Amino acid sequence: MKFMDVLHMVGFYLFSLMTVFSAFIVVLSRNIQRSVFALLFTLFGIAGLFLFLHADFLAATQVLIYVGGVLVLLLFGIMLTQKVVEADLRSGKIQFLPTLIAMVILFGFLLFVIFKTPWSAKGPANFEQTTATIGTLLMTQWLLPFEIASILLLAALIGSVSIARAKRTTP
């Protein structure tokens, strides 16, 4: 194996390990702030895995929208809400057995797919950069639907703020 192939494989496994480990922290942590910070590493790990799949647009979207927007919104919402930080987030013992059964079934299905699929090993492919093509299409051919979607999202944001403010002002 070439040095670059080994480097790619090590990088892929590091990103995979970071993603899985931080996802376990998100699920198993009782502290909601710790879960949100672990979600940050999970989303960055997924963006890194997208880069290894040569999906550069998805990686950039993952970082900009999910890490930059949704996660920061969650973090500020949690930090500004004192009752959520102090909440006791314990799950009931009744939920453990069905979850364990579903997890074993899903894990068995995944093992079945992994070992029964005839995987074909091919050499590395030359992938084109997709970000420039998608950007050009969004700003030329698909500009009107893109702008209509942005106006609808803005209207939904203004509507949700006005609903939240109206509920807060009424005693």
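This is a predicted model: local features need pLDDT of at least 70, side-chain atom pairs count only at pLDDT 80 or more; totals for chains, interfaces and linings use all residues.
Helices here are DSSP runs of H or I at least four residues long, numbered from the N terminus. Histidine 54 sits in the loop between helix 2 and helix 3. Its phi is positive, about 60°, although the residue is not a glycine. Histidine 54 has a relative accessibility of 42%, so it counts as partly exposed.

Now let us step back to see the whole chain. The protein chain has seven helices and zero strands, so the order of elements from the N terminus reads α-α-α-α-α-α-α. Of the 171 residues in the chain, 12% are buried. The chain exposes about 14,200 Å², and carbon and sulfur atoms supply 76% of that area. As for how the chain meets itself, take the contacts between residues at least 6 apart in sequence: 55% of them join residues at least 24 apart.

Helix 1 covers residues 3–28, which makes 26 residues. At 1.5 Å a residue the helix should span 38 Å, and its end C-alpha atoms are 37 Å apart, so the two values agree. The buried residues in helix 1 are Gly11, Ser16, Thr19 and Ser22. What do the buried residues of helix 1 pack against? Their partner is helix 2, residues 32–52.

Helix 2 has 21 residues. From its first C-alpha to its last it reaches 30 Å, close to the 30 Å expected at 1.5 Å a residue. Its buried residues are Ser35, Val36, Ala38, Thr42, Leu43, Gly45, Ala47, Gly48 and Leu49. The buried residues of helix 2 pack against helix 1 and helix 3. A general point is handy when you look along any helix: an α-helix has 3.6 residues a turn, so residues three or four places apart point the same way.

Let us turn to the pairing of helix 2 with helix 3, which runs over residues 56–80. The two pack at an angle of about 175°, with their axes 8 Å apart. Angles over 145 degrees count as roughly antiparallel, and that makes helix 2 roughly antiparallel to helix 3. By class, their contact has 21 nonpolar, two polar and one charged residues. On the helix 2 side, the residues in contact include Ile32, Phe37, Leu40, Phe44 and Leu51. On the helix 3 side, they include Asp56, Leu58, Tyr66, Leu71 and Met79.

One is glutamine 62, which is found in helix 3. Is glutamine 62 buried or exposed? Its relative accessible area is 7%, and buried means under 20%, so glutamine 62 is buried. Leaving aside residues up to four places away in sequence, glutamine 62 touches Leu43, Ile46, Ala47, Phe50 and Val67. Leu43 and Ala47 are also among the buried residues of helix 2.

The other residue is leucine 74, also placed in helix 3. At 39% relative accessibility, leucine 74 counts as partly exposed.

Technical notes: Residues are numbered from 1 along each chain as its sequence is written. Side-chain values use heavy atoms; hydrogens and water are left out. The expected span of a helix is 1.5 Å times one less than its number of residues. Buried means under 20% relative accessible area, exposed over 50%, partly exposed in between (1.4 Å probe, protein chains only). Contact means heavy atoms within 4.5 Å. Axes are lines fitted to C-alpha atoms, for helices over the stretch in contact, and angles run from 0 to 180 degrees between N-to-C directions. Angles under 35 degrees count as roughly parallel, over 145 as roughly antiparallel, 65 to 115 as roughly perpendicular and the rest as oblique. Ala, Val, Leu, Ile, Met, Phe, Trp, Tyr, Cys and Pro count as nonpolar, Asp, Glu, Lys and Arg as charged, and the others, Gly among them, as polar. Accessible areas come from the Shrake-Rupley method with a 1.4 Å probe; for residues, only the protein chains shown count as cover.
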